[in-house]
Each structure stands twice: as C-alpha cells, then as structure tokens.
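Keep the view open beside the text and follow along.

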Amino acid sequence: VYLGYRFGNLRRALRERRTLEALALREAQAAANHDHLTKILNRRGVTERFTDLRKDRREAAVTVILIDIDHFKALNDNYGHDYGDQVLAEIAGVISRNVRGADLVARWGGEEFVVVCAGIDRRGAQRVSEKIRECIESYDFGDCGQITASFGIHWSNAPEAELPQLVALADIALYAAKAGGRNCVRLHRPARKAA
C-alpha cells in the first residue's frame with residue numbers, strides 16, 4: 001500500500017513538473033519574440049509571424065509600413081532616457097490601437113516600428129499610415145509636448161518577398177519622408193526602367 005501511495009505521488013509530481021516546464025518554455029518563447037519595453041513583437045517575433053502569415057494567406061499582397069519617431073534623440077537628450085522609454089511604450093500603444101487585429105506591429109529597433117498588413121492595397125496602406133500619423137501627432141505625451149513620426153510604405157504582391165527586403169524598400173520611402181520635412185507619409189515607388 002505504501003509503495004502504491006508513493007508511486008501515485010511520484011506520478012503526480014512528474015505530471016506537475018512537466019506542466020510547469022511546458023509553461024516556462026512557452027513563456028520563454030513569448031519573451032524572446034516580444035520587446036520587453038513596449039510589449040509588442042520585436043524584430044525576431046515579427047519575422048517569425050511574417051513567415052506564418054505568408055504561409056496562411058492565399059493572397060500575396062502585403063504592405064510594410066516603417067515608422068520612425070521624429071527628433072527622438074533630442075527628446076532623449078532633453079528629457080532623459082526613462083522619459084524616452086515611456087514615449088516608445090505609448091507610441092507602441094497608439095500604433096496597436098489603430099491597426100486591424102490581423103496586422104503585425106513590432107518594434108524594429110531604436111525608435112523605429114514596423115506594421116505588416118496583409119490583403120490591403122497601396123491606398124489602404126496610406127489611409128492606415130495617415131490615421132496612425134495623426135493619432136501620434138495629436139496624442140498628449142505630457143511635458144515634451146507634441147511628438148511626430150515619419151512613415152515609409154512599401155506594398156508588394158510578390159509571394160516570395162522576404163520581410164527584410166520589404167522593410168529595406170519601406171526604408172527608402174521613410175528616408176524620403178524625413179527629407180520631405182518629417183511628419184508625413186511616403187510610398188516607395190520603384191524606379192521605372194527606360195523603354
């Protein structure tokens with residue numbers, strides 16, 4: 001009887017341990033794919049989810065929106081890095097609240113964010129970007145006053161396109177937005193070949 005009792009306790013303890021290990025593994029994987037500061041996906045997380053998104057969707061059209069906070073270095077210099085971190089977290093929230101549930105939102109690095117939208121066209125991407133831009137511009141960030149952001153968009157219907165390629169092309173449009181005075185949205189337009 002005693003051995004049966006001990007055997008039952010050991011089996012129960014083993015099940016509990018396996019459950020805890022599985023939970024810890026899931027939490028570690030989630031932490032590895034999310035930005036600790038903003039609580040949204042990080043570069044690794046959005047890259048993995050992008051691959052899944054492309055596998056799950058029949059349509060090839062995908063839009064990448066690259067967002068960069070204007071004059072963020074000056075904000076950090078004037079108000080401190082803790083305040084800058086708070087602004088990053090708040091902007092991540094603004095972006096997340098203004099996209100569709102199926103869209104991917106991630107912190108790409110530093111003060112850059114990326115939004116991946118499947119199944120929308122160029123005009124739809126511009127509307128989404130303008131909406132987010134206006135929400136950031138009108139958001140109350142407290143002491144630092146108004147904050148703005150610049151947006152670069154790249155739309156593609158190439159099913160083989162990889163996320164880093166699409167972000168690089170959106171970055172060209174983002175550079176144009178910065179050069180064009182900031183706080184605006186620019187769409188990447190590939191150069192046309194001469195006939």
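Let's begin at I136, which touches I91, V94, I95, F141, I147, T148, A149 and F151, leaving aside residues up to four places away in sequence. Contact here means heavy atoms within 4.5 Å. Before going further, note that this is a predicted model, where local features need pLDDT of at least 70, side-chain atom pairs count only at pLDDT 80 or more, and totals for chains, interfaces and linings use all residues. Residues are numbered from 1 along each chain as its sequence is written, and side-chain values use heavy atoms, with hydrogens and water left out.

I136 belongs to the largest nonpolar core, a group of 31 residues, and together with I67, I91, I95 and F113 it touches the most other members. A nonpolar core is a set of buried Ala, Val, Leu, Ile, Met, Phe, Trp, Tyr and Cys residues joined through side-chain atoms within 4.5 Å. Buried stands for under 20% relative accessible area, exposed for over 50%, and partly exposed for anything in between (1.4 Å probe, protein chains only). Which elements give two or more residues to this core? They are β1, α3 (72-79), α4 (81-97), β3 (112-118), α5 (122-138), β4 and β5. Helices (H or I, at least four residues) and strands (E, at least two) are DSSP runs, numbered from the N terminus. Helix α4 gives the largest share, seven residues. Apart from this core lies another one, of 19 residues, with L41, L53, A118 and L163 among them. In soluble globular proteins, nonpolar side chains tend to be buried together.

Now look at strand β4, residues 149-156. How many of its eight residues are buried? Eight of the eight are, so the strand is mostly covered. A149, F151, I153 and W155 point one way, while S150, G152, H154 and S156 point the other way.

What sits beside β4? Strand β1 (residues 62-69) is joined to β4 by eight bridges, and the two run antiparallel. Strands pair if DSSP finds at least two bridges between them. In this pairing, I65 stands opposite I153. Strand β5 (residues 185-187) is joined to β4 by three bridges, and here the strands run parallel. The bridge partner of G152 in β5 is R186. To get from β4 to β5, the chain crosses through helix α6 (residues 163-179), and this β-α-β crossover is left-handed. For the term itself: a crossover is right-handed if, with the strands pointing away from the viewer, the path from the first strand over the helix to the second runs clockwise.

K178 and D70 meet through their side chains at 2.8 Å, N to O. K178 lies in α6 and D70 in the loop between β1 and α3, so the pair ties together parts that are 108 residues apart in sequence. Both ends are covered: K178 is buried at 19% relative accessibility, and D70 is buried at 6%. D68 joins D70 and K178 in a network of salt bridges. The structure holds eight salt bridges, each being a side-chain nitrogen of Lys or Arg within 4 Å of a carboxyl oxygen of Asp or Glu.

Another of these links is K73 with D77, whose closest N and O atoms are 2.9 Å apart. These two are four residues apart in helix α3, so about one helical turn separates them. K73 is exposed, with a relative accessible area of 60%.

Two loop residues deserve a stop. Most residues other than glycine have a negative phi. H71, in the loop between β1 and α3, has a phi near 55 degrees, a positive value. H71 is exposed, at 51% relative accessibility. R182, in the loop between α6 and β5, has a positive phi of about 70 degrees. R182 is partly exposed, with a relative accessible area of 30%.

Last, the cysteines. There are zero disulfides in the structure, a disulfide being a pair of cysteine sulfur atoms within 2.5 Å. For C117, the nearest cysteine sulfur is that of C135, 14 Å away, and C117 is buried at 0% relative accessibility. For C184, the nearest is again that of C135, 17 Å away.
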